[in-house]
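Thank you all for coming; I would like to take a few minutes to walk through one structure with you.

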Amino acid sequence: MTVTTFKLNLGPQHPSTHGVLRLILELEGEKILSCEPDVGYLHRGMEKMAEKMTCVQYLPTVDRIDYLAGFFYSELFIRNIEKGLHIEHSKKTKAIKVLLLELNRIASHLLWIGAFLMDLGATSPFFYAFREREMILRYFEKLTGQRMMYNYFTFGGVRRDIDYLEDVEDIIKILPSKLKDYERIITKNPIFISRTQGKGILDIKTAKNYAITGVNLRASGVNYDLRSFDELYRDIEFNPVIRNEGDSLSRYLARVEEISESIKIISQLLDYLKKAEPLKQNLINPLTMRLPEGEYYSEIEAPRGLASCYIKSTGDEKLYRLKWRTGSYYSVNLLRKLLVGNYLNDAIAIAGSLDIILPEVDK
Amino acid sequence: MNYNDFKTYFADAEVTEDKVIIKDRLHDTIEFLATKMPFDMLKEITAVDSGNGETEIIYHMYSDDGNEDLFVSTTVREEAETITDIFKSAIADENEIYDLFGVKFNGNENLKRIYMPEDWEGFPLRKDYVETDERLAWNNDSHNV
């Protein structure tokens with residue numbers, strides 16, 4: 001009997017690749033022998049654009065690196081620029097930033113829950129997750145005027161004072177009961193468990209070798225949450241979510257637990273923000289702003305892993321070089337290893353569990 | 001962190017405030033840091049065009065034992081040593097640098113154009129890059145309004 005292998009193109013138009021990821025799989029029957037990711041369908045030249053524009057022109061585009069977590073990338077870019085300008089924020093500005101970042105994290109994780117369950121063939125959780133996410137997006141729209149590309153943080157602070165806090169109160173009042181619903185319909189569902197438990201196991205050594213960060217790394221048992229070292233989160237109590245199994249199920253559970261942790265962080269800030277004085281800040285005039293010569297580096301814990309920004313400036317109004325590090329880029333690279341030996345029908349479930357988003361990969 | 005071991009092995013390395021600058025033996029250095037010292041993660045590789053056809057490549061190593069970051073910097077011309085045998089994450093980084101800066105990593109067989117089309121000429125993040133490709137609307141007369 002001769003064994004024949006063949007190549008299968010998964011994507012780039014496959015609905016469960018969340019955009020335009022193309023995987024070239026080598027199969028023997030339904031077993032995956034090798035996987036070669038092909039990225040770049042969504043490349044917009046974010047790094048090249050940074051060299052062609054001034055900082056204030058570039059600022060609105062950074063939200064588009066990850067359209068589900070826009071606040072994180074604008075905070076990261078601004079943080080790096082402010083590092084060179086030695087700017088200190090008031091307590092209230094910091095609280096506003098953390099509140100919005102955590103709401104954004106919840107929205108991002110909720111969308112992932114819906115999309116992941118859709119990958120596994122369950123349609124209804126998608127609508128439940130979007131219903132909850134909608135509350136957060138409505139609030140963002142009220143506050144910033146935009147549902148996804150906020151452009152709300154700016155050099156030296158935020159564009160306007162925080163408002164409509166009663167909406168946030170409603171959100172964190174409603175969400176915990178919805179998470180309980182998810183537990184009933186998803187976490188205790190035997191079909192869901194059998195498709196995720198023990199599938200796509202990622203051990204610590206592989207995870208570190210492939211530079212996996214964020215929830216995916218913590219679900220493999222490494223206690224590395226950048227928020228623990230982040231200046232912005234200094235006075236805030238929270239527990240990084242660590243799980244040891246490293247399979248698809250643990251990555252799912254870790255994200256759901258992270259939503260609860262984010263709710264806790266938000267409720268700590270709400271009391272303070274409601275009583276706080278009106279916002280006073282010294283915004284920088286972006287037209288005369290010049291980043292002093294030197295190299296700058298900043299990091300942030302984004303929903304899809306560690307994101308970092310490297311800037312080299314020559315003191316000119318345009319930056320000499322800007323480099324983004326995004327979590328998903330490394331998760332895609334991990335698929336080379338993680339899918340091998342699994343069956344084709346699990347490939348979608350495993351790739352989905354890593355929370356890959358393509359604009360972040362292609363930049 | 002005790003850098004004494006490192007200094008005895010790599011006496012010619014220049015240690016500045018925020019990075020270690022090495023001239024050669026890149027592969028050995030990274031291997032030493034990964035196996036003999038606790039830097040078991042390579043967070044990213046950054047390339048910067050430093051002019052005169054030279055590219056500075058910065059390796060960002062991380063150790064979660066003590067939460068330490070270490071930047072190792074080296075300057076190359078057109079070719080560099082691959083470290084994909086030590087860190088698999090470098091497959092992605094080296095490919096990106098090849099695509100945008102044109103640096104070839106000897107020993108990395110996966111190098112190909114990822115963001116740019118396969119037949120694209122030039123490497124867009126190099127400072128001497130000139131956009132002349134007719135597929136760009138502003139270089140093509142028929143697209144001018």
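This is a predicted model: local features need pLDDT of at least 70, side-chain atom pairs count only at pLDDT 80 or more; totals for chains, interfaces and linings use all residues.

Let me begin with the contact between the chains, to which chain B gives 41 residues and chain A gives 38 residues. Together, chain B and chain A bury about 3,200 Å² between them, and 50% of that area lies on carbon and sulfur atoms. On the side of chain B, B:Met41, B:Lys43 and B:Tyr115 supply 19% of the area that this chain buries against chain A, which is more than any other three residues supply.

Turning to polar groups, there are 24 residue pairs in polar contact across the interface of chain B and chain A. Which parts of chain B supply at least two residues each to the side that touches chain A? They are strand 3 (41–51), strand 4 (54–63), strand 5 (68–76) and helix 3 (90–101), and strand 3 of chain B gives the most, with 11 residues. If we sort that side of chain B by class, we find 20 nonpolar, 7 polar and 14 charged residues.

Side chains of opposite charge can pair when their charged atoms come close. A salt bridge joins the side chains of A:Glu51 and B:Lys127, at 3.4 Å from N to O. Within chain A, A:Arg336 forms a salt bridge with A:Glu36, and their closest N and O atoms are 3.2 Å apart. This pair links distant parts of the chain, since A:Arg336 sits in helix 11 (residues 327–338) and A:Glu36 in strand 3 (residues 31–38) of chain A, 300 residues apart.

Last, please look at helix 4 (residues 91–119) and helix 12 (residues 344–353) of chain A, whose axes come within 9 Å and cross at roughly 170 degrees. Because of that angle, helix 4 of chain A is roughly antiparallel to helix 12 of chain A. In this contact, A:Trp112, A:Phe116 and A:Asp119 of helix 4 meet A:Ile348, A:Ala349, A:Gly352 and A:Ser353 of helix 12, and these residues divide into 4 nonpolar, 2 polar and 1 charged.

How values were computed:
Residues are numbered from 1 along each chain as its sequence is written. Chains are lettered from A and ligands numbered from 1 in the order in which they are written. Side-chain values use heavy atoms; hydrogens and water are left out. Axes are lines fitted to C-alpha atoms, for helices over the stretch in contact, and angles run from 0 to 180 degrees between N-to-C directions. Helices (H or I, at least four residues) and strands (E, at least two) are DSSP runs, numbered from the N terminus. Angles under 35 degrees count as roughly parallel, over 145 as roughly antiparallel, 65 to 115 as roughly perpendicular and the rest as oblique. Contact means heavy atoms within 4.5 Å. Ala, Val, Leu, Ile, Met, Phe, Trp, Tyr, Cys and Pro count as nonpolar, Asp, Glu, Lys and Arg as charged, and the others, Gly among them, as polar. Buried area is the accessible area (1.4 Å probe) that two parts lose on being put together, summed over both. A salt bridge is a side-chain nitrogen of Lys or Arg within 4 Å of a carboxyl oxygen of Asp or Glu. A polar contact is a pair of N or O atoms within 3.5 Å; within protein, one must be able to donate a hydrogen and the other to accept it, and residues adjacent in sequence count only if both atoms are side-chain atoms.
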